[in-house]
Amino acid sequence: MTNLKKIAALAAALSLAVPMSAQAEGKIRIAEQFGVVYLLLNVAQDQKLIEKHGKKHGVDIDVDWVKLSGGAATNDALLSGSVDVVGAGLGPLFTIWDRTTGRQNVRAVASLGNFPYYLVSTNPAVKSIADFSDKDRIALPAVTVSVQARILQLAASKQWGAAQYKKLDPITQTVPHPDAAAAIIAGKTELNAHFGNPPFQDQELAANPKAHVVLDSYQVLGGPSSATVLYATEKYVKENPKTYRAFIDALGEAARLATSNPEAAADAFLRVNKGNIDRALLVKVIKDPKVQFKVAPQNTLVLAQFLHQVGAIRNKPASWRDYFFAHPALETGS
């Protein structure tokens, strides 16, 4: 073989080797946000469940945890390749699913459970969303794209008609949940409402006597709903089948632990987040009958179809399976 042929053969071999090395299993970088809605991730991190299930599938998994705030930040991190899996609300999921269809094909891998999200206000004149004025300010994790923002838009469309679904957008502001909760509790800033999640909404209701619930996400969506999910690119899921399977198995074990032993789950949350939340309040939140820990999604399609109806997303899903990766653990989803 001539030198030229040897060089060509070596180049061909190297070109084949590169994709194989890029597909190496055993690494997962997870971006989460703030709140008890991420409890399953906290339990998995505290108990090293992903690593545990990785070993069962014959792979040593290195897990990196990243804390972000807001769906826009998580979506940017995922598409830039900074992380492999992100946790965010349905709003950011539908946005990125719609924009990446036919390209990165981002879809959800699991739900983090069903949680009621409350829109809390300290303005005594505000009894429903119809009472908000341009003098009110509503804190959200991400204006327009967060699941809270999208649920508020759905509520507005029911109140004033589909053409007015953005009616309350001008009085919303992007504020991380911890900061928004602190502002509502203190009652000394222009923020007088917060569409949050547990435990922040529970802290507000417990600490400020003026705080009251204006809107419950379950009422808007027609029942219990998986408002927060985990999602990834098609490339990551396909190239890391063992790591992906271990991740889902770990979430399933975390869900069983949270359901059967709320106190242990609360302690895991406190160890991971190192927050100053009252443990008794945290356990109460986890034990709330309206909260359900499971990886199969529930009642997610109504919001997706609303967003298509108003033109917020181009692609109309016919089923929840259109924006979730198939997995046996999700078969009972909706």
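Reply: Lys-27, Asp-62 and Asp-64 are joined in a network of salt bridges, a salt bridge being a side-chain nitrogen of Lys or Arg within 4 Å of a carboxyl oxygen of Asp or Glu. By this rule the count is 15 salt bridges. The model is predicted: local features need pLDDT of at least 70 and side-chain atom pairs count only at pLDDT 80 or more, while totals for chains, interfaces and linings use all residues. Residues are numbered from 1 along each chain as its sequence is written, and side-chain values use heavy atoms, with hydrogens and water left out.

Helix H10 (residues 234–239) holds both Glu-234 and Lys-238, 4 residues apart, about one turn of the helix; helices here are DSSP runs of H or I with at least four residues, numbered from the N terminus. Their side chains meet in a salt bridge at 3.7 Å, N to O. Lys-238 is exposed at 61% relative accessible area, where buried means under 20%, exposed over 50% and partly exposed in between, with a 1.4 Å probe and protein chains only.

Lys-235 pairs with Glu-239 in a salt bridge, with 2.8 Å between the closest N and O atoms. These two are also 4 residues apart in helix H10, about one helical turn. Lys-235 is exposed at 51%, whereas Glu-239 is buried at 17%.

Arg-321 forms a salt bridge with Glu-331, the closest N and O atoms being 3.7 Å apart. Both lie in the segment after helix H14 (301–309), so the pair ties together parts 10 residues apart in sequence. Arg-321 is partly exposed at 41% relative accessible area, and Glu-331 is partly exposed at 43%.
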